[in-house]
Amino acid sequence: RVQVIYNGVAPAQGVTDEEVQKCKAELGISGCYPVLGVVGSLYPVKGHRFLLNAMPEVLRRWPKARLLVIGRGELEVALKEQVEQLAIGANVHFLGMRQDVPRLLSVLDAFVLPSLSEGLSLALLEAMASGKPVVATRVGGNPEVAEHGQTGFLVQPEDAKDLAANLVKLLSDPGMMQQFGRQASERVRQYFSMGQMVDRYRDL
């Protein structure tokens, strides 16, 4: 008597290569690699501090790496202080609340979701729909959305070392990143589309 109906997301908005370059220029990240992004309110449950602690390891391999932190919340001041303590201020961009998330997703090389708890993350679905490989924590609905070794990597929550190691593993293989991105987009199209969600509610 119980049936699961997954959240669905609309198809990813197409962003031209010209618009991607324009967005990178606006953000001051032209020529930077890799560009990572996290979307979510700045609250403890979203695990941003563990991602920030993982960044120095990424920067050891790629000094021009950038992290886009999209969202706002009560931890903004504390997270900015953490960035300064880690001496990675030049590599982390706090963008606040944005209305152009699809455009921002287009400039990412990979999407990161370091949450300590999740339901079914729309941010994760939207990133995958945009064809981005993901590194997400193995909590809540994340393992039902992202397939380890197929669309990205799943890591342990509250574990900056595991997060850093899997980010390095992913970013070191551009071919794998492209394959994961294609498979992520296809997975969302097959199982998590808005149309399928509506059909399932109607059928129920």
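Two strands count as paired if DSSP finds at least two bridges between them, and helices (H or I, at least four residues) and strands (E, at least two) are DSSP runs numbered from the N terminus. Before you start clicking: this is a predicted model, in which local features need pLDDT of at least 70 and side-chain atom pairs count only at pLDDT 80 or more, while totals for chains, interfaces and linings use all residues. Residues are numbered from 1 along each chain as its sequence is written, and side-chain values use heavy atoms, with hydrogens and water left out.

**Stop 1: the sheet**

Switch to cartoon and select the strands. You get an open sheet of 6 strands, ordered β3-β2-β1-β4-β5-β6, with parallel pairing. Look at the edges: β3 (92–96) and β6 stand there with a single partner strand each, so one side of each has no neighbour in the sheet. On average, neighbouring strands are turned by 20 degrees against each other, direction ignored. (Axes here are lines fitted to C-alpha atoms, for helices over the stretch in contact, and angles run from 0 to 180 degrees between N-to-C directions.)

**Stop 2: strand β4**

Select residues 110–113, which are β4; 2 bridges join this strand to β1 (residues 35–39), and the two run parallel. Leucine 36 has alanine 110 as its bridge partner in β4, and glycine 37 stands opposite phenylalanine 111. Turn to β5 (residues 134–137) and you will find 3 bridges to β4, again in the parallel sense. Here leucine 113 is partnered by alanine 136.

Which residues cover the two faces of β4? Ala110 and Val112 are on one side, Phe111 and Leu113 on the other, and all are buried. For the cut-offs, buried is under 20% relative accessible area, exposed over 50% and partly exposed in between (1.4 Å probe, protein chains only).

**Stop 3: an aromatic pair**

Rings of Phe, Tyr and Trp (its six-membered ring) pair if their centres lie within 6.5 Å; planes under 30 degrees apart are stacked, over 60 edge-to-face and the rest tilted. That rule gives 2 aromatic pairs. For one of them, show phenylalanine 153 and phenylalanine 180: the centres are 5.6 Å apart and the planes at 80 degrees, so this is an edge-to-face pair. Phenylalanine 153 sits in strand β6 and phenylalanine 180 in helix α8 (residues 174–191), so the pair ties together parts 27 residues apart in sequence. Phenylalanine 153 is buried at 3% relative accessibility, and phenylalanine 180 is buried at 4%.

**Stop 4**

Next, pick threonine 151, in the loop between α6 (142–145) and β6 (152–155). Is this threonine buried or exposed? At 1% relative accessibility, threonine 151 counts as buried. Not counting residues up to four places away in sequence, its contacts include Met128, Pro133, Phe180 and Arg187.

The backbone nitrogen of glutamate 147 lies 2.9 Å from a polar atom of the threonine 151 side chain. (A polar contact is a pair of N or O atoms within 3.5 Å; within protein, one must be able to donate a hydrogen and the other to accept it, and residues adjacent in sequence count only if both atoms are side-chain atoms.) With residues up to four places away in sequence left out, glutamate 147 touches Gly152 and Arg187.

Methods
Contact = heavy atoms within 4.5 Å.
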